[in-house]
Amino acid sequence: MLTARRNAILAHLEQIEDALDDPLPKDWDDAAIEQQDDEVLQALGNAEQAELKRIDAALRRIADGDYGWCTRCGERIADARLDLLPDTPLCADCAGRG
């Protein structure tokens, strides 16, 4: 699941990059709308970059044999939590402590 999500993010980031490379229209109103759209795309891209980092870290934990164990307290992360947040490095207790 992590690998599939990683591939989907990479494909979407490529689409965002292509869209951001498009030149701005010459019409002022259209250019303003395009700039707003670009800001939204950049924010989305930033969020996806952060998710990609979390996924890559989870994949490293899988390779190291540490996946499913809290990186803070060392306790087992509940399967239900991993099903919901497969890239999480923290158990529910540690995540709640901030």
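Tutor: A residue counts as buried under 20% relative accessible area, as exposed over 50%, and as partly exposed in between (1.4 Å probe, protein chains only). The model is predicted: local features need pLDDT of at least 70 and side-chain atom pairs count only at pLDDT 80 or more, while totals for chains, interfaces and linings use all residues. Residues are numbered from 1 along each chain as its sequence is written, and side-chain values use heavy atoms, with hydrogens and water left out.

Student: Is I55 buried or exposed?

Tutor: I55 is placed in helix α2; helices (H or I, at least four residues) and strands (E, at least two) are DSSP runs, numbered from the N terminus. The relative accessibility of I55 is 1%, and I55 therefore counts as buried.

Student: How far apart in space are the C-alpha atoms of I55 and A19?

Tutor: Along the sequence, I55 and A19 are separated by 36 residues. The distance in space, taken from C-alpha to C-alpha, is 24 Å.

Student: How many helices does the secondary structure of the protein chain contain?

Tutor: From the N terminus on, the elements run α-α-α-α. There are zero strands, and the number of helices is four.

Student: Why is the protein chain described as more spread out than a compact globule, and what is its radius of gyration?

Tutor: The elements of the chain run α-α-α-α. For 98 residues the globule rule gives 13 Å, and the chain lies well over that figure, so it is more spread out than a compact globule. The radius is taken over C-alpha atoms, and the rule is 2.2 Å times the number of residues to the power 0.38. For this chain the radius of gyration is 18 Å.

Student: What percentage of the 98 residues in the protein chain do buried residues make up?

Tutor: Along its principal axes, the C-alpha trace spans about 60 × 25 × 20 Å. Of the 98 residues in this chain, the buried share is 23%.

Student: Which residue meets R5 in a salt bridge?

Tutor: A salt bridge requires a side-chain nitrogen of Lys or Arg within 4 Å of a carboxyl oxygen of Asp or Glu, and the whole structure holds four of them. In this one the N to O distance is 2.9 Å. R5 is partly exposed at 35% relative accessibility. Its partner, buried at 17% relative accessibility, is E51.

Student: Which residue pairs with R6 in a salt bridge?

Tutor: R6 is partly exposed, with a relative accessible area of 25%. The bridge has an N to O distance of 2.5 Å, and the partner is D56.

Student: How many residues apart in sequence are the parts tied together by R6 and D56?

Tutor: The side chains of R6 and D56 meet in a salt bridge. Because R6 lies in helix α1 and D56 in helix α2, the pair ties together parts whose sequence separation is 50 residues.

Student: What is the N to O distance in the salt bridge of R76 and D79?

Tutor: R76 is partly exposed, with a relative accessible area of 42%. The side chains of R76 and D79 meet at an N to O distance of 3.6 Å.

Student: Which residues form the negative surface patch?

Tutor: Patch members have over 30% relative accessible area and no salt bridge, with like charges joined within 9 Å. Asp and Glu count as negative. One of the members, E17, lies in helix α1 (residues 2-21). The patch is formed by E14, E17, D18, D21 and D22.

Student: What distance separates the C-alpha atoms of Q15 and L41?

Tutor: Q15 is located in helix α1 and is exposed, with a relative accessible area of 52%. Q15 and L41 are 26 residues apart along the chain, and their C-alpha atoms are separated by 9.8 Å.

Student: How far apart in space are Q35 and L24, C-alpha to C-alpha?

Tutor: Q35 belongs to helix α2 (residues 28-64) and counts as partly exposed at 44% relative accessibility. Q35 and L24 are eleven residues apart in sequence, and their C-alpha to C-alpha distance is 7.8 Å.

Terms used:
Patch = residues over 30% accessible without salt bridge, like charges linked within 9 Å, V, L, I, M, F, W, Y side chains within 5 Å. Areas by Shrake-Rupley, 256 points an atom, 1.4 Å probe, with all protein chains shown as cover. Charge placed at Lys NZ, Arg CZ, Asp CG, Glu CD.
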